[in-house]
Amino acid sequence: MLRLIFRLAFQKQQVLGSELSSPRSPDSSAPRQRTNAFRKVEPVEPQNCRLIEGLENGSEDIDILPSGLAFISSGLKYPGLPSFAPDEPGQIFLMDMNEQNPKVQALNISDGFDKASFNPHGISTFIDEDHTVYLYVVNHPHMKSTVEKFKFEEQQRSLVHLKTIKHELLKSVNDIVVLGPEQFYATRDHYFTNFFLVLFEMIMDLHWTYAVFYSPREVKVVAKGFSSANGITVSLDKKYIYIADVTAQNIHVLKKHENWDLTQVKVLRIQDVLSEKPKISTEYANNGSVLQGSTVASVYHGKLLIGTVFHKALYCLL
C-alpha cells in the first residue's frame with residue numbers, strides 16, 4: 001500500500017515538475033507555488049524593533065490579555081522542523097506589554113503535570129466571570145495531541161494544571177480558540193500523523209483537514225475541506241471565526257451559530273502583497289536574516305510581537 005502511495009506521489013511530482021519547466025504559467029497547486037518556497041522577500045522593518053532576550057527556541061503562538069500580559073508558547077518540536085533545544089521541554093513565557101522595556105519570564109507549572117514531555121503549540125486564553133484567567137495549550141507529548149487547561153496565578157506568575165483533554169477528533173491539532181468554559185474550536189493541520197504520509201498528503205494537495213468544536217458534552221467537525229487548517233481566531237464581536245489555510249494561502253471567514261456550527265461566509269485570498277499598491281499593509285518582512293519561520297503576530301497599543309516556530313521572537317514599536 002505504501003509503495004503504491006509513493007508511486008502516485010512521485011508521478012504527480014513528475015507532472016508538476018514538467019508544468020513548472022514549461023513556458024505556461026506555473027500551476028497554483030504545485031508544491032513550490034503553494035509554499036512560496038522560492039519567493040524573494042523585500043525587507044520591511046520598522047526602526048524600533050529588537051529581538052526578545054530569552055526566547056531562543058521558538059515562540060510559536062502568542063495570546064495577549066486585555067491587561068497587556070502576553071502568553072508565549074516556546075520550544076515546539078515538530079516532525080521535519082529543526083529545534084535548537086531538542087532535549088529541553090517546552091515552556092510558557094509571560095511578557096508585560098505595558099512595561100517600557102518588556103522582558104519575558106518563564107511561568108512555573110504546578111506539580112503533577114508531566115513537564116518533561118511538554119511540547120506546546122497553539123494557545124488561547126479565557127477570562128471567566130470572576131476574572132479568573134485560564135490558559136488552554138495545544139500540547140504534543142511524545143508527538144501525540146492533547147489540550148491542556150491551566151489556571152493562571154498572576155501574583156505567583158505560575159500556571160496550575162487543571163485538566164488534560166483528549167479525543168479521537170483532536171489529532172494533529174495546530175491551534176485553538178477558546179470561547180467559553182471548556183468550549184473551544186481547534187484546527188487539524190494534517191490528516192495523517194505518520195511523517196511520510198504527511199509528505200504524501202502535501203504533495204497530493206489533499207484537502208482532508210478540518211476544524212473541530214469541543215465541549216464536555218459534544219465534539220464535532222464544524223468545517224472541513226482545508227489543505228492545512230492552521231491558525232484560528234474569533235472576531236471582536238464573537239460572531240465570526242477566522243481560519244488560515246496555510247498552504248492554500250487564504251483565510252476562511254465562518255459564521256458561528258448558537259449550536260456552535262460554522263457556515264462559510266467568504267474566503268479571503270491575500271493578493272499583490274509585493275506590488276506597489278498592495279491590498280493590505282505590510283508592517284514587517286524579513287528574508288530570514290533576523291527571523292526564521294514566523295508563525296504569529298500580535299498587536300497591543302501600537303506594539304507588535306512576532307513569533308516563530310523554532311527561532312527567536314521580535315518586539316516592535318509601530
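In this predicted model, D111 counts as exposed, because its relative accessibility of 73% is over the 50% cut-off. D111 forms a salt bridge with K115, and the closest N and O atoms of the two are 3.6 Å apart; its partner K115 is partly exposed, with a relative accessible area of 34%.

A search of the whole structure finds seven salt bridges, and the table lists some of them.

| Salt bridge | N to O distance | Relative accessibility |
|---|---|---|
| D111 and K115 | 3.6 Å | D111 73%, K115 34% |
| E218 and K220 | 3.5 Å | E218 35%, K220 16% |
| K312 and E56 | 2.7 Å | K312 25%, E56 35% |

The salt bridge between K312 and E56 joins a residue in the loop between β20 (303-308) and β21 (314-317) to a residue in the loop between β1 (49-51) and β2, so the pair ties together parts that are 256 residues apart in sequence. Elsewhere, K149, K163 and E182 are linked in a network of salt bridges.

In soluble globular proteins, nonpolar side chains tend to be buried together. Here the largest nonpolar core has 16 residues, and those with the most contacts inside it are F71, I92, L135, F150, F152 and L159. Two or more residues of this core are given by each of the strands β3 (69-74), β4 (91-96), β8 (133-139) and β9 (146-153), and the largest share, three residues, comes from β8. Leaving aside neighbours within four places in sequence, L135 is in contact with several residues, including F71, I92, F150 and L159, and also with K149.

Two of these strands also belong to an open sheet, in which four strands follow the order β2-β3-β4-β5 with antiparallel pairing. Its edge strands are β2 (61-64) and β5 (104-106), each of which pairs on one side only, and neighbouring strands are turned by 25° against each other on average, direction ignored. Four bridges join β2 to β3, and D61 stands opposite S73 in β3.

H252 counts as buried because its relative accessibility, 10%, is under the 20% cut-off. The side chain of H252 makes polar contacts with the side chain of N250 at 3.2 Å and with that of Q264 at 2.6 Å. Beyond its neighbours within four places in sequence, H252 is in contact with residues among them F226, I241, Y242 and V267.

Terms used:
Residues are numbered from 1 along each chain as its sequence is written. This is a predicted model: local features need pLDDT of at least 70, side-chain atom pairs count only at pLDDT 80 or more; totals for chains, interfaces and linings use all residues. Side-chain values use heavy atoms; hydrogens and water are left out. A nonpolar core is a set of buried Ala, Val, Leu, Ile, Met, Phe, Trp, Tyr and Cys residues joined through side-chain atoms within 4.5 Å. Buried means under 20% relative accessible area, exposed over 50%, partly exposed in between (1.4 Å probe, protein chains only). Contact means heavy atoms within 4.5 Å. Two strands pair if DSSP finds at least two bridges between them. Axes are lines fitted to C-alpha atoms, for helices over the stretch in contact, and angles run from 0 to 180 degrees between N-to-C directions. A polar contact is a pair of N or O atoms within 3.5 Å; within protein, one must be able to donate a hydrogen and the other to accept it, and residues adjacent in sequence count only if both atoms are side-chain atoms. A salt bridge is a side-chain nitrogen of Lys or Arg within 4 Å of a carboxyl oxygen of Asp or Glu.
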